[in-house]
Amino acid sequence: MTCARILSTTAVLAVVLLAGCSEPPPPPQPPEADPSTRIDLSTGSLIGYRSEGVRVWKGIPYAAAPVGELRWKAPRPAEAWQGEREAVEFGNRCVQFGSPLGGAAPEEYGLVIGSEDCLFLNVYAPENLPRDDARAVMLWIHGGGNTIGSSNSYDFTDLVRNEGVVAVSINYRMGPFGWFAHEALAAQGEQPEDRSANFAVLDMVQALRWVQDNIGAFGGDPERVTIFGESAGGTDVFALLLAPQARGLFHRAIAQSGTLGTQSLDWSRSGSESGGHSMEQLWREQFAGAPQGDDAAALASWMRGLDAEALMMSYLRGGEPGARNFNPPRIIGDGIVLPEDGMTAGFTRGDHHRVPIISGATRDEMKLFMALDPEHADIWFGGLQIFARDETLYELHARYTSSAWKAQSVDDLAAALQSDIWTYRFDWDEEASLLFTDFSQIFGAAHAFEIPFITGEFRLGSLTDIIFTDENRERARTLSRQMQGYWAEFARSGAPADGGAGHPLWKPWSEEDEDENEDEGNGNGNGNGGNMLILDSSADGGVRMASSELSSIRLLDELASDPGFADEVQRCAVLDSVLGWMRPLTLEGPEADTRQQYQRWNGGSCSEAPRSQVR
């Protein structure tokens with residue numbers, strides 16, 4: 001009997017029992033190394049283990065530890081080791097604030113955890129591959145706002161067993177260790193990439209180089225490498241599509257709920273939370289031993305020697321320490337790895353690598369964040385009961401902000417690229433009701449809820465038994481197999497095709513079709529735009545093609561005329577959130593003021609809005 005079914009028996013015991021059911025299990029014992037999994041690489045020998053028909057190797061170093069003089073430098077190749085290395089446990093997590101959304105244990109919440117020595121990857125491969133049967137490779141980039149999370153939270157055993165691909169998951173430097181800009185550091189660079197500000201993106205490039213050099217030993221095909229990631233991982237997929245250093249290292253790309261936001265180099269150097277002063281100036285005031293004068297080498301060495309925890313704390317923007325109040329630079333237009341004028345401009349010019357792309361979003365992206373935000377919802381009993389403070393405004397805010405997310409990174413992008421891109425929207429929303437909370441309404445098809453359908457591991461933390469129940473689990477499993485089929489076929493052939501026998505053909509965005517599509521989208525488009533695959537279970541229409549072109553400009557048109565808002569204060573509050581997702585280029589050019597541009601839609605009723613620092 002599941003926890004959710006127990007809870008349905010009595011309201012009195014609900015909170016107590018679910019709290020008990022949601023306690024994290026004790027950490028499992030490391031699996032036993034299996035000598036038959038030995039792999040010989042140029043850096044040394046590895047021994048992994050076997051799990052449910054899949055061979056697994058964890059904690060493989062793909063680069064030298066970026067510590068000491070290698071902090072804020074491009075990654076260097078991994079160092080060799082002596083003898084056999086047991087690869088049965090994940091490597092260190094990268095430095096971050098402990099967070100439940102990042103997979104941290106409760107006792108770690110709000111603390112600085114992890115290590116700078118964290119550039120490890122994991123490989124999952126089918127059993128006993130013939131030597132002449134190299135399999136498509138899928139490299140996973142985890143999400144977490146590029147500030148939290150690790151590869152440790154994802155298990156690709158089910159995907160590999162079902163689809164016969166080789167899966168790789170990686171850690172990468174995050175927060176100020178992954179993205180940082182300073183003239184003194186650039187001046188001391190030993191190679192051109194050291195002058196970048198996007199060290200985390202270069203970590204991903206190094207992981208792809210490792211794959212090219214080594215994946216054949218695991219049965220993978222280095223000529224069929226797909227990068228895929230969700231949220232910040234999807235954003236990093238977009239970054240790799242534009243990074244010249246990544247050219248030729250991968251052959252397809254899947255961005256799940258990625259965004260195209262890019263911070264300017266000047267803004268990153270100034271430090272948004274330091275009152276307009278550079279972080280170096282702030283550190284000089286906070287930490288002893290700063291060198292005097294203009295000796296760039298001495299300054300760079302001093303900054304590389306700063307304590308990691310103290311450095312993390314310097315980026316807090318007020319409030320309790322933790323990921324929620326942490327705001328370091330991320331995704332910087334440095335002119336070396338990424339275009340100075342931002343990723344949107346780079347795609348618009350056609351600067352990206354010409355590989356097949358899948359880009360998609362969940363229908364209700366923002367509901368995950370809104371449900372956890374006291375401004376939008378009342379949260380009781382640790383999240384076991386969640387109530388929208390204003391149900392109508394909750395739905396309007398979720399609809400427009402979620403649509404803005406999709407408009408920029410899916411529809412606007414697809415309309416600009418036209419060819420070799422497939423788009424989707426994930427609509428599954430069959431969560432259970434518990435006492436007085438209907439979680440299918442509170443969460444819907446929320447951000448990150450598609451990940452379990454790709455991995456095949458139906459876990460979403462303490463809410464697992466509310467999200468996945470006895471009633472919906474079989475349908476969810478069926479949808480998972482369909483989605484795994486589409487993703488894996490895309491990795492194998494460069495086109496997602498039908499995801500398995502009897503499933504709908506996933507047509508590319510720009511393919512002409514005389515027949516009308518079955519679905520008109522969710523009402524946010526005009527019904528005659530590009531092709532989009534709806535991913536849903538049989539209880540809600542199943543997997544099907546739809547027609548939807550949800551451009552940013554069309555979305556603003558709808559927002560201006562929507563009669564559902566109680567007053568203009570509500571409308572303008574939602575506008576502020578929507579504009580946070582839209583770069584001015586998507587409206588009328590890189591110099592356009594989004595607030596001024598909006599006046600021609602709403603007649604000037606919103607006076608001033610905060611200027612986003614994100615391009």
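## Surface patch

Leu372 sits in the loop between helix H13 (367-371) and strand E16 (377-380). Helices (H or I, at least four residues) and strands (E, at least two) are DSSP runs, numbered from the N terminus. This is a predicted model, in which local features need pLDDT of at least 70 and side-chain atom pairs count only at pLDDT 80 or more, while totals for chains, interfaces and linings use all residues. Residues are numbered from 1 along each chain as its sequence is written, and side-chain values use heavy atoms, with hydrogens and water left out.

Leu372 has a relative accessible area of 39%, so it is partly exposed. That class lies between buried (under 20%) and exposed (over 50%), with a 1.4 Å probe and protein chains only. With Leu101 and Ile379, Leu372 makes a nonpolar surface patch of about 270 Å². Patch residues have over 30% relative accessible area and no salt bridge, and nonpolar side chains are joined within 5 Å. A salt bridge here is a side-chain nitrogen of Lys or Arg within 4 Å of a carboxyl oxygen of Asp or Glu.

## The disulfide

The structure holds one disulfide. Cys94 and Cys118 form it, with their sulfur atoms 2.0 Å apart; the cut-off for such a pair is 2.5 Å. The torsion about the S-S bond of Cys94 and Cys118 is about 90°, so the disulfide is right-handed.

Cys94 lies in the loop between strands E5 (84-86) and E6 (96-97), and Cys118 in the loop between strands E7 (112-113) and E8 (120-126), so the pair ties together parts that are 24 residues apart in sequence. Both Cys94 and Cys118 are buried.

## Strand E9 and its partners

Strand E9 (residues 135-141) is mostly covered, with six of its seven residues buried. E9 pairs with strand E11 (residues 220-230) in the parallel sense, over six bridges. Pairing requires at least two DSSP bridges between the strands. Gly229 in E11 is the bridge partner of Ile141.

E9 also runs parallel to strand E10 (residues 166-170), joined by five bridges. Here Leu139 has Val168 in E10 as its bridge partner. E9, helix H3 (residues 157-163) and E10 make a right-handed β-α-β unit. Right-handed means that, with the strands pointing away from the viewer, the path from the first strand over the helix to the second runs clockwise.

## Pro126

Pro126 belongs to strand E8. Its relative accessible area is 9%, so Pro126 is buried. Pro126 and Glu163 are 37 residues apart in sequence, with their C-alpha atoms 8.9 Å apart in space.

Key. Patch = residues over 30% accessible without salt bridge, like charges linked within 9 Å, V, L, I, M, F, W, Y side chains within 5 Å. Areas by Shrake-Rupley, 256 points an atom, 1.4 Å probe, with all protein chains shown as cover.
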